[in-house]
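Hello,

Here is the structure I promised to pass on to you. Have a look at it first, and then read my notes below.

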Amino acid sequence: MRPDTVVPSAVPAVEPITPPPATPPHDETVPHTHPEPGVDPHPPLARAGRALRVGIGGPVGSGKTALVAALCRAFADELRLGVVTNDIYTTEDADFLRRAGVLDPARIRAVETGCCPHTAIRDDIGANLDAVDELAEAVGPLDLVLVESGGDNLTATFSRGLVDRQIFVVDVAGGDKVPRKGGPGVTAADLLVINKTDLAPMVGADLAVMDRDARARRGDLPTLFLSIVGDPTATSVADWIRHELAHHAALHPLDVPVGPA
Amino acid sequence: MRALARLVARADGRGGTALVELHGETPLLLRQTPTDGGVATVHLVGGAAGPLAGDDLRLEIEVGPGAAVRVHSVAASIALPGRTGAVSRMAVRAVVHTGATLHWLPEQLVAAAGCAHLAESRIELAADATLWWRDELICGRYGEAPGGAVVHTQVDYAGRPLLRQSLAVGPHAPGWAGPAVLGGAPATGSLLVVDPSQPAEPPTVEGSVARLPLAGGPATLWTATAPDAHTLRTHLTP
Amino acid sequence: MATPSLLLLLADGRFPAGAHAHSGGLEAAVAAGRVTDLASLEAFLAGRLATAGLVGAAFAAAAHRAAVAETVGSAHPARSARPSDPPAGSAGRSAALARLDAELDARTAAPALRAVSRRQGRALLRAGRTIWPDARFADLPQKPGGAHQPLVLGLLCAAAGLSRVETATIAAYGTLTGAASAGVRLLGLDPYQVQALLVGLADACDGTAADAARAADDPPERLPAAAAPLADIHAEIHATWEVRLFAS
């Protein structure tokens, strides 16, 4: 993972996890529980027989690692989480995540891809599946495993043999024409995240154009706009994952009881 | 030339080691040399140049329970060409019994131009035996490309395979001097240390020397390549 | 009788057994400045074929032999069983494979290379269990890191109906193509030139496979043990790197 893509000011230091902003970006296309005063907005999720595996792909620099870090913060006290990264991963990166209180390095596995990042997540997935197995062996049962792809191009997608759901991350700085270009990531990912919306005015990207093109390309599949600077726990994406987790738990019922997270 | 030499050591019951058999044939001669502690020290003395292709030399070593033997040689052996089409062979067979120690620390084997040599060692260790076993190979005399040489080492520990390695150099060993095998280094060797009293240490590499804990027993293999015999020796000194 | 297509399928670098992520020691050799161009890549491949290639192919062939042991009598009516033939049946196969596992460990001095071989074995087993569910994988020794790759390959090839020499060929060929392909990616070498280099090594590869297949008739302690000091040294250096592009 390359946390250097995270805007440093958006990362809490060693203090406890920062709560989401009082008025998180709201998107009615995402089913979620509305927060009410005095009520935990996230009732305990049903546990599943095996972890939900969510792939996070997208071009180099689009913010995959920053999104992974944000989701780790969002789920820190809620889910038993593991991360498999296909990106170039240094001990400095691990130290960064530990210092930032984001994730214990024992919950992160790096996979070498032999300069073929798309092969490792699509055509020849054994090393990633091994990494998922090793995580569970090392830290016990997990609820959610995020599989981050190495930075690639718009044609990269995850195999259904590796992940249950996949998120494709593009950013406004890559140009507002990206959704129109399509490619399997943009058209078929279960969730398209258009990241770094805070940069839109600076790079002259038209979010309305991106929204329109994404809808045209993706039909009913959801698209979320995100700025991790303004929302360090990626609330909307985290909510989408909670929703998918509930479905997953229904599909993969728990047959062996597991202890608390 | 054919020769069979035999060395049998037994604990003498007073904390020392007695050589109950010490027998050599030219060119494979054995000499007991002054001993320190309870260890019997023996030097291999080459009684002729070589080995030359066609020579067949055998050495049998048995170290009885509780005995301790150290074997050196007085000079490097230089494998030389001999009869056309023939191979020179030096076979060492060692059995180290329970509680016994064998240190095999001879001088280098030099594979001269045109040689065809096979150095073959088979060692059987009891479960609590201790072994130091050093093989050093110099590929050619100074500025010379070597003939064919194979150094084969086979070690069993407590009836299980511990180490099997055959290093081949020379014209019939494809790629031997290349970047997958020796990378142009003219000297290479290994030191096997089997010591049940020593905890295994993790692998390390310093320069062109690696410390490799083996899978089949309480053993570490030091393996090295070097620009010359002297440097190699500094890498492989226990 | 196996079709040639199955031989091609199992030798194909696109067979999903993780080959794309392994450079066979080339990444470390490149970093050490020992492989820089086509000529040094060719020397690397020749040395690797004669050492790791021969050993891997011989163990794949020996595992294949263990897997088909029960059919020796019927498949070769012309000869009776030899004393060195592995015992038939599951227990015999398990014992033979456990022995091969220990013998291959003894030929792999570097812990990093033992781990890589088992990791690749696990990847191949994952593919094999799905594709040939009836193969004798249950007879593989249960080791923490998985079974060595050549052992899994031998069982897989036997399940696919391939011959022993075909099995050895796939193993030897894999040691060449994985590293060659890594050379294209790491050094930006001309892929046509690298393929030409592989063509030049084809006879050596076939010869290595034939030697390996013959050697599989020998008792396990006599199987080839060709060593390469730099392979051990490179592998242990590579294992300490903070950032690796390849898993080996």
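Predicted model: local features only at pLDDT ≥ 70, side-chain atom pairs only at ≥ 80, totals over all residues.

Two strands are said to pair if DSSP finds at least two bridges between them. If you look for B:Asp56, you will find B:Arg89 of S8(B) opposite. S5(B) also pairs with strand S1 (residues 2-11) of chain B, again in the parallel sense and over eight bridges. In that pairing, B:Val63 of S5(B) stands opposite B:Ala9.

Next, see how chain B meets chain C. The contact involves 33 residues of chain B and 36 residues of chain C. On the chain B side, the elements that give two or more residues are strand S14 (160-169), strand S17 (209-213) and strand S18 (219-226). Of these, S14(B) gives the most, with nine residues. This side of chain B is made up of 20 nonpolar, 11 polar and two charged residues.

Now for the interior. In soluble globular proteins, nonpolar side chains tend to be buried together. Here the largest nonpolar core has 222 residues, and those touching the most other members are A:Leu67, A:Leu71, A:Leu144 and B:Ala111. Helix H3 (residues 38-67) of chain C supplies the largest share of this core, 19 residues. Beyond its close neighbours in sequence, within four places, A:Leu67 has contacts that include A:Ile56, A:Val169 and A:Asn195.

Chain A also carries an annotation from UniProt. An unreviewed entry there marks a "binding site" that covers A:Gly58, A:Pro59, A:Val60, A:Gly61, A:Ser62, A:Gly63, A:Lys64 and A:Thr65. A:Pro59 sits in the loop between strand S1 (52-57) and helix H1 (64-75) of chain A, while A:Thr65 belongs to helix H1 of chain A. Is A:Pro59 buried or exposed? A:Pro59 counts as buried because it has 21 C-beta neighbours inside 10 Å, where the cut-off is 20 or more. A:Thr65 is buried too, with 25 other C-beta atoms within 10 Å.

C:Ala215 has 19 C-beta neighbours inside 10 Å, so it counts as partly exposed. Leaving aside neighbours within four places in sequence, C:Ala215 is in contact with C:Ala58, C:Leu223 and C:Pro224. C:Ile233 is 18 residues from C:Ala215 in sequence, and their C-alpha atoms are 27 Å apart in space.

Happy exploring!

Notes: Residues numbered from 1 in each chain as written. Chains lettered and ligands numbered in written order. Contact = placed C-beta atoms within 7 Å. Helix = DSSP H or I, 4+ residues; strand = E, 2+ residues; numbered from the N terminus. Nonpolar A, V, L, I, M, F, W, Y, C, P; charged D, E, K, R; others polar. Core = buried A, V, L, I, M, F, W, Y, C linked by C-beta atoms within 7 Å. Buried ≥ 20, exposed ≤ 12 C-beta atoms within 10 Å, placed from the backbone. UniProt positions renumbered as here; feature names shortened; annotations may be inferred.
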